[in-house]
Amino acid sequence: MKVLVATEKPFAKAAVDGIKSIVEAAGGEVVLLEKYTVVEQFYAAVADVDALIVRSDKVTKEVLDHAKNLKIVVRAGAGFDNLDLEACTAHNVVAMNTPGQNSDAVAELALGMMVYAARVQFSGATGTELKGKTLGIHAYGNVGLRVAKIAKGFGMNVQAFDPFVPAEKIEADGVKAVASIDELYSTSDYVSLHIPATEQTKKSINYELLNKMPKGATLVNTARKEVIDEEGIAKLMADRADFKYVTDVAPANAAELAEKFGARYFGTPKKMGAQTAEANINAGLAAANQIVGYIKEGNERFRLNK
Ligand code: 3PG
């Protein structure tokens with residue numbers, strides 16, 4: 001069993017060591033392709049492997065065409081918009097993710113970004129407090145529920161919208177379940193995005209929706225670049241001098257936003273939500289265990305392409 005770890009953004013060494021231990025204990029070997037710069041390197045590396053671990057690396061039809069022996073790909077992380085699931089099925093490749101394994105890291109960053117925005121990017125200028133403000137969590141999955149828990153520690157009023165999670169489950173955590181997206185945005189001082197990038201959500205966070213947010217509002221995006229209507233947010237920030245945007249997934253117009261809106265915009269130089277040693281270890285080891293479990297025992301838990 002040959003396992004390729006293809007990570008344009010590498011895992012921490014401890015995670016790579018852990019993956020190797022798991023695979024080698026099962027009689028396999030690990031091949032590493034880190035910080036690759038052209039997709040042809042990925043094509044060459046995947047040619048003879050049985051299993052593949054990726055992060056946000058795109059697993060396209062072309063990658064799969066080059067992977068003649070591939071049986072399983074695991075996205076070490078939550079969002080799987082980088083996997084072409086139909087192509088995986090067509091190539092008889094099982095696709096999985098590792099939900100929940102990096103959620104603490106992302107949730108901590110979301111709150112950290114809220115503090116950073118509230119304290120005017122640690123510039124020394126007079127800021128505001130999170131205490132007493134209302135936080136709207138857009139999608140109450142593994143990250144959303146952790147954001148809720150931490151935000152309550154800050155004394156925020158926490159509410160959430162998620163059409164796929166029963167209101168009772170949200171309310172059981174002491175979080176108000178709101179009935180619609182419009183209500184979430186129109187009643188939240190902060191909105192933290194935790195939605196996946198899908199055909200339905202792409203560009204759905206637009207001018208009209210964001211303009212419903214109250215005066216002094218902040219949007220926090222540790223989810224996906226694609227869910228934002230980038231022209232819409234640029235227009236909104238131009239129209240509303242009170243609106244702030246902090247993001248871990250830089251938009252195509254990041255330079256324009258930074259130049260025009262100064263302390264009201266901040267984007268991390270590289271997506272870092274899941275970039276902690278702990279998250280790397282949790283997700284990386286889970287991916288390795290899922291590969292061994294599938295290849296040795298046919299365990300299909302967390303399979304995405306049924
Ligand atoms: C995820 O979907 O798990 C996160 O966005 C993390 O992505 P990354 O592995 O590229 O850091």
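Select Lys 271 and the ligand. An oxygen atom of the ligand sits 2.8 Å from an N or O atom in the Lys 271 side chain, a polar contact (a pair of N or O atoms within 3.5 Å). The protein buries 93% of the 320 Å² that the ligand exposes when taken alone; such accessible areas come from the Shrake-Rupley method with a 1.4 Å probe. This is a predicted model, in which local features need pLDDT of at least 70 and side-chain atom pairs count only at pLDDT 80 or more, while totals for chains, interfaces and linings use all residues. Residues are numbered from 1 along each chain as its sequence is written, and side-chain values use heavy atoms, with hydrogens and water left out.

A polar side-chain atom of Lys 9 lies 2.8 Å from a ligand oxygen atom. For Arg 75, the distance from a polar side-chain atom to an oxygen atom of the ligand is 3.0 Å.

Now show the surroundings of the ligand. Besides Lys 9, Arg 75 and Lys 271, the residues around the ligand include Arg 55, Ser 56, Gly 77, Ala 78, Gly 79, Asn 102, Arg 224 and Ala 274.

Move to helix H6, residues 142-153. Helices (H or I, at least four residues) and strands (E, at least two) are DSSP runs, numbered from the N terminus. H6 has twelve residues and reaches 18 Å from first C-alpha to last, close to the expected 16 Å. That expected span is 1.5 Å times one less than the number of residues.

Colour Val 143, Gly 144, Val 147, Ala 148 and Ala 151: these residues of H6 are buried (under 20% relative accessible area; exposed is over 50%, partly exposed in between; 1.4 Å probe, protein chains only). They share one side of H6, because they cover an arc of only 140° around the axis, taken from the directions from the helix axis to the C-beta atoms.

Turn to the other side of H6. Lys 149 and Gly 153 are exposed there.

What covers the buried residues of H6? The cover includes helix H5 (103-118) and strands E6 (134-138), E7 (157-161) and E9 (190-193), with contact meaning heavy atoms within 4.5 Å. After H6, stop at Gly 155, whose phi is positive, near 80°.

Finish with two phenylalanines. Phe 122 lies in the loop between H5 and E6. Its phi is positive, about 55°, although Phe 122 is not a glycine. Phe 122 counts as exposed, at 59% relative accessibility. Phe 302 is in the segment after helix H12 (277-297). Phi of Phe 302 is also positive, near 75°. At 29% relative accessibility, Phe 302 counts as partly exposed.

Technical notes:
Near = heavy atom within 4 Å. Polar contact = N/O pair within 3.5 Å; in protein donor to acceptor, adjacent residues only side chain to side chain.
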